[in-house]
Amino acid sequence: MQFHIITIFPEWFRSPLSTSLLQKAQDKDILSFYVHDLRDYAPGKHRGTDDAPYGGGWGMVMTPEPLVNAIEAVSLPLTNPRRVFLSPQGQPLSQQKAAEFAAQESLVLVCGRYEGVDERALAFVDEQISIGDYIVSGGEVAALVLIDAVARLVPGVVGRQESIEDESFSTGLLEYPQYTRPEEFRGLRVPDILLSGHHGNILRWRRRQALFRTQQRRPDLLKKANLSLEEKQWLAQNPYEEK
Ligand code: SAH
């Protein structure tokens, strides 16, 4: 899968894309990243990419020409590229959305800066995606969040597929609590059941914990989850819920 990033700060991506899972995925030829400097697509000697807003107001706005030149030039050799602008006004990024992107051959990610981009440039992307209801200074950090969430769903990027399938949101629930060595830490013990070696009981315990945890922390997710009758009964007797 190819990721193309259009940005005025190409250097932003150097370390994150060459560390850990993302570097390994490139070594294995599963993923490739291409960072395009928006200034290369800006006309004129000064290669400007922003200007003052029409109608007045504070700050600068990215001009449409370099953005559209870059989007078109980068997309041209790609088959079915999905062109995404990172924006607080976009659809929220979700695990489901990430899975949808992971099935694409190529993504073109466009990073805004300053006060945002000229509205007309947005006619040249397929969609807008937000990483949450807050403002960050540029699309770069948002693009990295999207890249990471998508990359780990591309087969072969994460060592074992099971480690993805169990994770928070994949099942529609938050993940169960995890423990590792030592068995006792500052007087806090690992739950006995995890040391019992009884696989069936452990699975059941984990499922119950995932349900209880989701009920407590994210009841909105539970409403959408597909639960068995037994699971609904567990929830009705949730020992952790404050009554
Ligand atoms: N004035 C704009 C925000 C500009 S922030 C507005 O109110 O909508 C500058 C850039 O950072 C944006 O163009 C976008 O590319 C990026 N950005 C900021 N917050 C974001 C978010 N929550 N999700 C995705 N991108 C974001």
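The conversation below covers the overall fold and then the nonpolar cores.

Modeller: This is a predicted model, in which local features need pLDDT of at least 70, side-chain atom pairs count only at pLDDT 80 or more, and totals for chains, interfaces and linings use all residues. Residues are numbered from 1 along each chain as its sequence is written, and side-chain values use heavy atoms, with hydrogens and water left out.

Biologist: How many helices and strands are there?

Modeller: The protein chain has 10 helices and 9 strands, taken as DSSP runs numbered from the N terminus (helices H or I, at least four residues; strands E, at least two).

Biologist: What does the C-alpha trace span along its principal axes?

Modeller: The span is about 70 × 45 × 40 Å.

Biologist: And how much of the chain is buried?

Modeller: Of the 243 residues, 39% are buried, meaning under 20% relative accessible area with a 1.4 Å probe, protein chains only.

Biologist: Which residues have the most contacts inside the largest nonpolar core?

Modeller: They are Phe3, Leu31, Leu109 and Leu146, in a core of 32 residues. Such a core is a set of buried Ala, Val, Leu, Ile, Met, Phe, Trp, Tyr and Cys residues joined through side-chain atoms within 4.5 Å.

Biologist: Which element gives the most to this core?

Modeller: Helix α5 does, with 8 residues.

Biologist: What does Leu146 touch?

Modeller: Not counting residues up to four places away in sequence, Leu146 touches Val84, Leu86, Leu93, Phe101, Leu107, Leu109 and Ile129, a contact being heavy atoms within 4.5 Å. Another core lies apart from this one, with 17 residues, including Ile6 and Leu122.

Terms used:
Buried < 20%, exposed > 50% of the residue type's maximum accessible area, 1.4 Å probe, protein only.
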